[in-house]
Amino acid sequence: MEDREIVNLFFQRSEDAIAQLTKKYGGLMQRVAYDLLQDAEDAKECVNDACLGAWNAIPPAKPEPLSAFVCRITKNIAFNRLRFKKAKKRSAALEQSLEELEELEGSLPSAKTVEDAWTEKELTEAIERFLDGLDQKSRVMFVKRYWFAEAVEAIAKELSMRENSVAVRLLRLREKLKEYLEKEGIQL
Amino acid sequence: MKEPGKLWNGVGKIADRYLEEALEYNKSSESKTLEGKTSAFGRRKSWRTWVVLTACTFLALVGGIFTWKMALGKGGENDGELQGQQVTDLLQADEVWYVDAHTLLAGKEGDIPLEKKRGDQESSGNAALDAEGDETEAGRKPYVTLKWAYQSFGMEEITRATVREINRKLKEDGYSFGIQFLPIKTTNGTDSEDRSYQEKLFQCGADIAFTGFYSPEEHYTQKAIRAGKYEPLDAYLKDSAYYEQIPEVLWDCASYQDQIYFFPNEIAQDAGLTLYLRKSSFTREEAEDFCGDLLSLEQYFLDGKRFLNCQSDYQFAEAFGYSYYMGVLLTEDGKTVNPLEEENCVQWMRLLNEYQEQVVQSNVADWDFALSRSFPGTDIGDGNHPEDFYAYQWKGYAVPRLNCQTGILASSANKQEAFQFLELLHTDASYAKLLLYGKEALDQGGSLKCSYASQLIFGLDTGLVTKRQGDSLRHFSTAEEKRNYYEKWILPSPALTLKYPEACDAMLPAEEYYSRLLYTEDFDALLKKAREKARGYMQQVNKGIR
């Protein structure tokens, strides 16, 4: 079923909407949740909650693309669940992803006053401009690592690359991002 | 857990197009990756399980909202009017939603409230049997194996051990029948599979049948009923104790052209509209001034308050006393009307258009008041809690519902036994638990199997069956409580009296104008266009429904 048709089902408040959503994207949602939580049962519950989230958000939201929308909801729920549970079995990939960005963040200039600090929106816009300047493969790699928190191993497999190549390329991407943000005058 | 920094959060907010690109980039390899993950999840079917679990959950949620008790109600209903309860505080339910396996299986929570004894079961529902002249005494009849067909995504988790246990128990209890399940696999969940399910369903020799997960717009069940595929249950229900337990309106929902065909599945049938007023934004006096007139909410807009509009269609019209069904409004006397021609409805949409900047798009945004059929705080991460709101509740309408139902096939040679077994499941908690949770869960008292799916597939989601973790279906402690609730809060939709209610769906295309009207720059021009279109749709509706 096309995304548009699924969204229409939500608008019609059809009980088939979530069934169709999960038929099409359940696997993806499960994978996003599992990558963060490393727990199949928790991931299932996240998918469940994400479907509820979609039901409550659509309408008024009319997401396009639907895949990104459900990934975003699933990730938020999974992350909140991690926070809530303070899970011992948390994802190593997530931890590494967080640490890599934290390290980069620590090397960026700090704002002297609260007013000088960039807002999250400004930061996101700058990151988007940075991503727009990358070649597609690098951009995809960056998003997989720092948005989806995928493991280097998984990215390598998906992009048919060697793990080491992915790791090196990600390192270079972080360095490029740092340079870019500094050039933009970032203050955190 | 390490808290994410600003950079992580910044990346987390990047536009959807980047996510889509990442997802699409290696789509061809995704199936391989998914399979790889499968082993970690145990079984490939695990996510499919949640297809139905989630469907049930959200539907249950719609129904479950009313478990929050309306406390401190002042005036109750306005007699004679389709009006709701005075503004009340919403309190967290004192019910325990999370029941551990041991408690549940020990029968301390959530047993089906039996209103009849085992002896009654043997005699109940036997009117049709007697009329056919068969023997009624268990043990003297030839043993038959009932076949129960259903659409399977692999979520029902019935094991051979469970089936054996059900049959052993039936035999032990003196019944002259056993059960065999016929899952009709729908591995890919495509529309064509849904269609083929219908074909297989009537060719597999089943006695009991689940009508399927297809979109109700396809009208498969209505067509099958008209073709004589399903057995009317009226004669069987005549003296059934189970019939008495279920609110009459729910039997109407499971009926078609004045005959009952299914054991009622009441999902989403137990909720009306609710206006939520955030306590931090309204005083109690202000809240109590609201008397049910939707258009009076303009005063809140004038005060600069922000509104969360959870209504995606013309269902808001229920606040004006119409029943909404598939794009059509029905008046109390059963007349079908076009929402775009009704002045109060148009005024409400005009109001939302005029104050569109105060209408928020998402539950996570700040809002002061909301109109919803479910609690708006159920969206992720917004921290809304029932106790933070005043609420005004309108009565809801129960509408025809023939999809996701369970009935008996007319071709069955064992209709009486099939009915007796279905009745048994709905009145004897020990059988219901066995079917929902499986022999293994019962034996081990460990983690329960998923029950949402089973509740839906086997038609046991009546709010009277056992609860389990995460189940947000409205739960009733007794059948009487359930009946009382329905009597007070749920009205039969006039759509239930239509000969072909499914024809109402000709109006569904007009629903696109609802959201467009709320945000158009030229309301009157679009309204004119929408009315013209909708008039054509309404002609089809009126032609088809009688």
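# A quick tour of chains A and B

Strands here are DSSP runs (E) of at least two residues and helices are DSSP runs (H or I) of at least four, both numbered from the N terminus. What you're looking at is a predicted model, where local features need pLDDT of at least 70, side-chain atom pairs count only at pLDDT 80 or more, and totals for chains, interfaces and linings use all residues. Residues are numbered from 1 along each chain as its sequence is written, while chains are lettered from A and ligands numbered from 1 in the order in which they are written.

- Most residues other than glycine have a negative phi.
- Asp258(B) counts as exposed, because it has 11 C-beta neighbours inside 10 Å. The cut-offs go like this: 20 or more other C-beta atoms within 10 Å of a residue's own means buried, 12 or fewer means exposed, and anything in between is partly exposed, with C-beta atoms placed from the backbone.
- Ala149(A) also has a positive phi, near 55°, and is found in the loop between helix H7 (136–146) and helix H8 (152–158) of chain A.
- Ala149(A) is buried, because 22 other C-beta atoms lie within 10 Å.

**Chain B at a glance**

- Chain B has 22 helices and 19 strands.
- Of its 546 residues, 49% are buried.
- Take the contacts in chain B with a separation of 6 or more: 77% of them link residues 24 or more positions apart. Being in contact means that two C-beta atoms, placed from the backbone, lie within 7 Å.

**Sheets in chain B**

- One open sheet has five strands in the order S4-S3-S5-S18-S8 (chain B), with mixed pairing. Strands pair if DSSP finds at least two bridges between them.
- Its edge strands are strand S4 (177–185) and strand S8 (262–263) of chain B, and each pairs on one side only.
- S3(B) and S4(B) run parallel and share nine bridges; in S4(B), Gln180(B) is the bridge partner of Lys147(B).
- Strand S3 (residues 144–152) of chain B also runs parallel to strand S5 (residues 208–210) of chain B, joined by two bridges. Across that pairing, Trp148(B) stands opposite Ile208(B), and Ala149(B) has Ala209(B) as its bridge partner.
- A second open sheet has three strands in the order S11-S12-S13 (chain B), and its pairing is antiparallel.
- Strand S11 (323–325) and strand S13 (336–337) of chain B are the edges here; each has a single partner strand, so one side of each is left without a neighbour in the sheet.
- Three bridges join S11(B) to strand S12 (residues 328–330) of chain B, and Ser323(B) has Leu330(B) as its bridge partner in S12(B).

**The largest nonpolar core**

- This core has 190 residues, and Ala33(A), Ala54(A), Val70(A) and Cys504(B) touch the most other members. A nonpolar core is a set of buried Ala, Val, Leu, Ile, Met, Phe, Trp, Tyr and Cys residues joined through C-beta atoms within 7 Å.
- Helix H2 (residues 16–37) of chain A gives the most to the core, with 11 residues.
- Leaving aside neighbours within four places in sequence, Ala54(A) is in contact with Phe10(A), Leu21(A), Val70(A) and Ile73(A).

**Helices in chain A**

- The axes of H2(A) and helix H3 (residues 40–57) of chain A come within 8 Å and cross at roughly 135°. Axes are lines fitted to C-alpha atoms, for helices over the stretch in contact, and angles run from 0 to 180 degrees between N-to-C directions.
- That makes H2(A) oblique to H3(A), because angles under 35 degrees count as roughly parallel, over 145 as roughly antiparallel, 65 to 115 as roughly perpendicular and the rest as oblique.
- Residues making the contact include Leu21(A) and Ala33(A) of H2(A), plus Ala50(A) and Ala54(A) of H3(A).
- Over in helix H4 (residues 66–85) of chain A you'll find Ala68(A), which is buried, with 22 C-beta neighbours inside 10 Å.
- Leaving aside neighbours within four places in sequence, Ala68(A) is in contact with Asp16(B), Leu19(B) and Glu20(B).
- Ala68(A) and Met29(A) are 39 residues apart in sequence and 9.9 Å apart in space, C-alpha to C-alpha.
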